[in-house]
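Hi,

Here is the structure I said I'd pass on. Have a look at it first, and my notes on what turned up follow below.

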Amino acid sequence: MNSNDSTDGMAGAGLESPRFQPLTPLTRAEIAFIEQVVWPMPRAEVLARLERDVQTACEIELATIPIYLFSYYSINRTVATGSSLDPVSAFANSAGSQIMSVAVEEMLHMSLSANLFFALFGRSPQLYRKAPASYPAQLPYHKLIGPDGPQGPCDAPVEIPLASFGFEQLWHFLQIENPGRFDLPPKDRDWSTIGQFYSYIRCMLYSPCLGESDFCVGKAELQIQHYNYSPSNVDTVSPKGPFNEWQAPSGADSAAKSAQFANASDSHAGRTALITVSSRLQALQAIDTICDQGEGFNHRKFDDPRHQEYSHYYKFLRLQAQLEGYAGSIEQLAPKPQPPAPLLPTITQAQQAGFVYAFPTNPVTANYPAPLQALSDFCNGLFQYMLIMTEVIFCVPAEPGRVQQQQSQKMYFNIALHRSMIWVLDKYIQEMRKITLADGTAFAPTFEFVNLGLAFDSFTTLTALGQAALASLTNNPLVPSWLASDFTYYIETALTRNSAAGAPKHLPNVADYMPYPFASAPAFPTSIGTQPPGAELHACMGLNSCQGQDRFGLSGPAGPNECAGQGFCSTANDHQCHTENDCRHQGGCGLYGTNEEMSQPGRNACSALGSCATPINAERFITDGEHQRHSVWQRARKVFHEQEWPALRAKNPALPEQLPPVGGSAFVDKNGDVFADGPAYLWISADNTERGNMTACGASGMSGAGGCT
């Protein structure tokens, strides 16, 4: 680096120059630290400290993710159905959404720190082998002695446990997110709050030894791109109160109308939440997003300009304020933001026992019964493999000029990361917790380190763990046969990444809330009939491009449909989640994914790029982006009409100007357009007796009708 770009005029302009101010103004303590410590520091030491500390930032964020996920999975969010939702069940669902919303943003923070590290040093930070090997764990370089807790004065090292949701575990969450005093000095060792640690990194970024060229050593196109992150999904949503799970989003009592979103779309600095870094300003914006959302001197209740989202600390504090034990507790809280008064209704410990699985605290695989240890090892292997894949994403560059759906990195993220983390690992842990051990506790994830070897050997090692887990399911006295089938499906999905495999068939029974309204309609076909030659597969009802193309095909009880846009449901292979589609135009939408994905249901460009399950049940609503709360199926029809219909009419002028009613002429003539909002869940699940056809609901129970409870 030459001397001309080493300072950018910083020393002469001073810190008051707007060009060098981050969006969050520097504190007096930070200005003093920059002037007294950072500016005199030699360039080699600045880079060495940034290399060490930005790597540590990734490790701090990584250490918190299992802590939050463990408590999240201890909550049963659907102990009551939407129509029977009571205040306790509503609290349980809300607690799950709040914790998951923080976990999602911690993943964002880890990605921002990783992008900053790559920008500065041209290589991925190390994640594999850097998560805590077991719990309880200290956050890296955290001050050893913490503030007074729920049980009295704290004179022992601060160690964060894996524990079920409850008052004391929320206290540990508050320790992690504690905003501290506004005038605390920046510290990268022995810090009391994470804000002090990020303050140190922020100050180092002001070094006059760093020029703009230092922030693009690792090119932006090789970093994790913005289209791999969205702030909201179905697991960060919770209901405000009772709702009719059978009602389409347009209905007054629908899940969409009841939905409340824990994360806001504007709680970030820079042009997007997940930014790439190629300048000093972008580096500061990345740190600002991390600090404003939770890891900084945030004394406000909210972390976004519109006051739609609480800060991490305040989210957890409000949950704690509704639990028995909050009033009169001697735990030491930050003075700002001011702690709320106890919130009503008070959730007692007895009531918590009704929706919290009795996870053991800080479980280890070796202490589980021998028949379950291989299943636990595979769970841990999945988590470690996710870390390896996160490092590998820096080898998959963004491709200028290509839309999101054509990006190789997006394809990689969907298949390797989203499918493994959000789909397989999530569902695997939900199966684990259904097993009750002899001591009355539930079988829980341990998030221990499992050695997968070198990166290029890791999948082979993971496969061996999976085969051992599969073998352990044979005649396993602790795993019922239906649960063994589910475990088998998720293990095989992880190892083969084959979305064509059949879904697990065991789903809980769901009571009918109304008479079956589709008795005169032909039963939903569990197999797809013969299609017209050359017909392109499609994701759902009414998205067919030609006559005779639909779920029944050329022969069926309803007869061939008479027109494009009128067919009975999907011709694509059914699948249950984001990225699981086999081909283009097979992706449903609404539960997971980015705004672009959710805006284009049924129009994905390729396999693994579809957003969520098909068929698209009528009750499903979009959870993020410009169409949030809107019907997924209605959006799919609109996109089909705008993007496909003109070309189809050009080929066949006999087609009407507007899309015809769905459902096939024979049925529509008798009953009217009863599927005006798409195929209802009750119809897809075959008269409410077979639950294997549709499980697109996530954990909140809000977007898949009765199949989510």
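**Salt bridges, then the rest**

The count of salt bridges comes to 15, taking a salt bridge as a side-chain nitrogen of Lys or Arg within 4 Å of a carboxyl oxygen of Asp or Glu. Before the details, a word on the basis: this is a predicted model, where local features need pLDDT of at least 70 and side-chain atom pairs count only at pLDDT 80 or more, while totals for chains, interfaces and linings use all residues. Residues are numbered from 1 along each chain as its sequence is written, and side-chain values use heavy atoms, with hydrogens and water left out.

One of the salt bridges is Asp53 with Arg189, whose closest N and O atoms are 3.3 Å apart. This pair links distant parts of the chain, 136 residues apart: Asp53 is in helix H3 and Arg189 in the loop between H5 and H6. (Helices are DSSP runs of H or I with at least four residues, strands are runs of E with at least two, and both are numbered from the N terminus.) Asp53 is buried at a relative accessible area of 1%, whereas Arg189 counts as partly exposed at 24%. Here buried means under 20% relative accessible area, exposed over 50% and partly exposed in between, with a 1.4 Å probe and protein chains only.

Next, Asp266 pairs with Arg306, the closest N and O atoms being 3.1 Å apart. Asp266 is buried, at 18%.

Lys315 and Glu309 form another salt bridge, at 3.2 Å between the closest N and O atoms. Lys315 is buried at 2% relative accessibility, and Glu309 is buried at 0%. There is also a network: salt bridges that share partners join Arg52, Asp53, Asp188 and Arg189.

**Helix H5 and the overall fold**

The protein has 19 helices and two strands, and 61% of its 709 residues are buried. Which helix is largely enclosed by the rest of the structure? It is H5 (residues 167-177), because ten of its eleven residues are buried; among them are Trp171, His172 and Glu177. Its buried residues pack against H3 (43-73), H4 (87-121), H6 (194-204), H8 (280-295), H9 (312-320) and H10 (349-352).

Among contacts (heavy atoms within 4.5 Å) between residues at least 6 apart in sequence, 73% join residues at least 24 apart.

**The largest pocket**

The largest pocket has a volume of about 1,000 Å³, that is, the space filled by probe spheres set on its grid points, which are joined across faces, edges and corners. Of its 44 lining residues, Ser232, Phe261, Ala262, Asn263 and Ala264 are the closest to the centre. On a 1 Å grid over the protein atoms alone, a pocket is an open set of points where a 1.4 Å probe fits, with protein on both sides within 12 Å along at least five of seven lines, and lining residues have an atom within 4 Å of a point.

H4 gives the most to this lining, with five residues. H4, E1 (237-239), E2 (259-261), H9 and H15 (595-599) each supply at least two.

Ser94 is in H4 and is buried, at 16%. Leaving out residues up to four places away in sequence, Ser94 touches Ser238 and Gln260.

Cheers
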